[in-house]
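This briefing walks through selected local features of one protein structure, grouped by topic. Please keep the sequence and the structure in view while reading.

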Amino acid sequence: MALKPEIKRVLVCSAWPYGSGVPHLGNLIGCLLSGDVFTRFYRALGYETLHVSGTDAHGTRIEYEAHKRGVSPKELVKEVHQKIVEILKGFEITIDNYTITESPVHYEFVTEIYKQMERNGYIFSREEERAYCNGCHRFLADRFIVGTCPYCGYPNALGNQCEACGRLLEPEQLIEPRCAFCGSTDIVRKKTRHWYLDLEKLAPKLLEYVRSRDFRGNVKLFTERMIEAGLKPRAVTRDISWGIPAPFAGAEGKVIYVWAEAALGYVSATIEYFRNRGEEERWRDFWFGDEVWQVYTQAKDNIPFHTLFFPAQLIASGQGYHLPDQIAATEYLNWIGGEAFSKSRRVGIYADEALELLPPVYWRFYLLYHRPETADVNFSWEDFDRTINAVFVNNIANFVHRVLSFVWSRFGGQVPEVPTEGTVRDEIQRVYDRTVEWVEGGSLAAALKEIAGLSVFGNEYFQHKAPWETGDEEAVASAAHLAKAIAIMLEPFVPSFSAKVLEVLGIGAHDLADALRGAEGLELAKKPVPPLEHVDVEDLKRRYRELKEEGLISIEEFQKLELVVGRIVSVEEIPGADKLYKLVLDLGDRKAQAVAGIKKHYTPEELRGKLVAVVANLRPATIRGVKSECMILAATDGTLAVLTPDREVQPGTKIR
């Protein structure tokens, strides 16, 4: 898929990671890392290229996670956003504007575009009944509700989408629903009013748009499946407190649904980038006209939002926006055996952990080499070993080092003044052309494997020519050209590796086409050293296990705890303490005093006489001038509940 001659600019839009937690390796390859490679590649081809993304700060996922942690959503997303910024730096991922949906520019843009959609007749409202939890008295939107998918039977489908089959859902469609906050199944339908984007009305224009794009593979499949099922109006408001206030008359207290504002961040991030540079109107060069090519990177579950919903919003605004050109979506990267990544279950490697285990150059190469472009990919240590040690270190890095070291030792650091042999030049040209084709078609893994294949050719060529025996200067110059070409073409994928090689070659500013220019007469700037070290995968696995075991205790350590049932004998307030009580507990063989932060959750009357779980052998501590000799145990997901036995037992009874 060659870009049209009129294209002058490329806009790369990477899906926004949620502000609820650190991304794992699958998240990284699906959006941010892929976006970085496209950006570097198109810049190297000479296009004015802009890469935008940011932290998705809104939605029920963030509100629910903040509730579990006992912090505000704003505090949570601020912390996570900073961690993601550090991860981007660690992985050498360059994003011209990595922002956040809490940005004032984003609020302003979302508010204005929804007013435009409403004025153009694409927004309507209706009263309806929505899922409501009688247990914790809240409407259950999206991730606030869990149940069985009505399409595939997956038992833990969320209220907005089934992660198993990918179908978009409404909370009311779930079978045997339960509240994600309190676990209650006492869920009823309660009247409320919501505002909708009229996708049905937009369907003819969307079909015209989809048919004008060369969507392929999973992108084509997902999009056509939704169109065939029929496009229905989609709610753009939610009855939750965290998010951008809905700008419609009568919608006070409601916010714009996260799916209905996050993708708009691609536009607001572009506006913000140029506004910060004092170029107020330059953003339009990337969002209007036919001189821009737009690339979107995300995983397959995000496809419909980018091929249908986001274009629908842009069309409905009536402003004439350029619509997405390429949806470079991936399948899923799963953990060993197809298991899903999980921070809480200590499954898989998260981005921050990856940087603790190895330099980013290795992770970048592995993830891009195995980018899941046609089917889900499962991580395995065996694949990692083969990809890194056999392909990257032994094949690519060793070939480059072998050739440059030979030039240094046998030719005084200067490549012979002889043009590249024709067969070598032809092979470099072929790989260059195929690499550009693969990238322009959205296939980064295929492009990287094409370049890796050039080093296989180079090793065979160098070994066959054996210039250490023949003194063949043409072979040396040709091999040096291969090393140079490999380093330049690899740069968008593994920039730090290429930087080392190009530094030895003495090559400064360059573009991708420099890979086609020979190396004859080139003087090496410094003595070559191996650009990569072999990775001991057994040691890596050991360190991974240790990393996952951090914070875990042994059975022997656990058995040191004296866990007993105690009865609360007395409850006293502590002067000046808003959250604390002083408790006296009967532990059977003695009485002990505890300072407990449960004042906001229980009255003294509710606590007196209550049986509770107690850690009875803690080292005493003084809190607010009061001695605390033990600790009562409680569970909290934002609401605190002390742990109690389910039947009457004697104080001092051991907990096993």
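Does Glu252 count as buried or exposed? Glu252 counts as exposed, with a relative accessibility of 63%, and this value, like the others below, comes from a predicted model. The points that follow begin with the surroundings of this residue and then turn to a helix, a sheet and the cysteines.

**Glu252 and its loop**

- Glu252 belongs to the loop that lies between strand S11 (237–238) and strand S12 (255–256).
- From this loop, the side chain of Glu252 reaches the backbone nitrogen of Gly250 at a distance of 3.4 Å.
- Computed along the sequence, 115 residues separate Glu252 from Leu367, and in space their C-alpha atoms are 45 Å apart.

**Helix H18**

- Helix H18, which spans residues 537–549 and has 13 residues, reaches 18 Å from its first C-alpha to its last, close to the 18 Å expected at 1.5 Å a residue.
- The buried residues of H18 are Val537, Leu540, Lys541, Tyr544, Leu547 and Lys548; because they cover an arc of only 120 degrees around the axis, they lie on the same side of H18.
- Helix H10 (351–357) and helix H12 (381–410) are among the elements that cover the buried residues of H18.
- At the N-terminal end, H18 is capped by Asp536, which has a side-chain oxygen 3.2 Å from the backbone nitrogen of Glu538.
- Just after H18, Gly551 adopts a positive phi of about 90 degrees.

**The five-stranded sheet**

- Five strands form an open sheet in the order S19-S18-S17-S20-S23, and their pairing is antiparallel.
- Strand S19 (591–596) and strand S23 (631–632) are the edge strands of this sheet, since each of them pairs on one side only.
- Within the sheet, strand S17 (residues 563–573) and strand S18 (residues 581–586) run antiparallel and are joined by six bridges.
- Val571 has Leu583, a residue of S18, as its bridge partner.

**Cysteines**

- With a disulfide taken as a pair of cysteine sulfur atoms within 2.5 Å, the count of disulfides comes to zero.
- Cys152 is partly exposed, at a relative accessible area of 40%, whereas Cys630 counts as buried, at 4% relative accessibility.

Methods. Residues are numbered from 1 along each chain as its sequence is written. This is a predicted model: local features need pLDDT of at least 70, side-chain atom pairs count only at pLDDT 80 or more; totals for chains, interfaces and linings use all residues. Side-chain values use heavy atoms; hydrogens and water are left out. Helices (H or I, at least four residues) and strands (E, at least two) are DSSP runs, numbered from the N terminus. The expected span of a helix is 1.5 Å times one less than its number of residues. Buried means under 20% relative accessible area, exposed over 50%, partly exposed in between (1.4 Å probe, protein chains only). The arc is that of the directions from the helix axis to the C-beta atoms. Contact means heavy atoms within 4.5 Å. A polar contact is a pair of N or O atoms within 3.5 Å; within protein, one must be able to donate a hydrogen and the other to accept it, and residues adjacent in sequence count only if both atoms are side-chain atoms. Two strands pair if DSSP finds at least two bridges between them.
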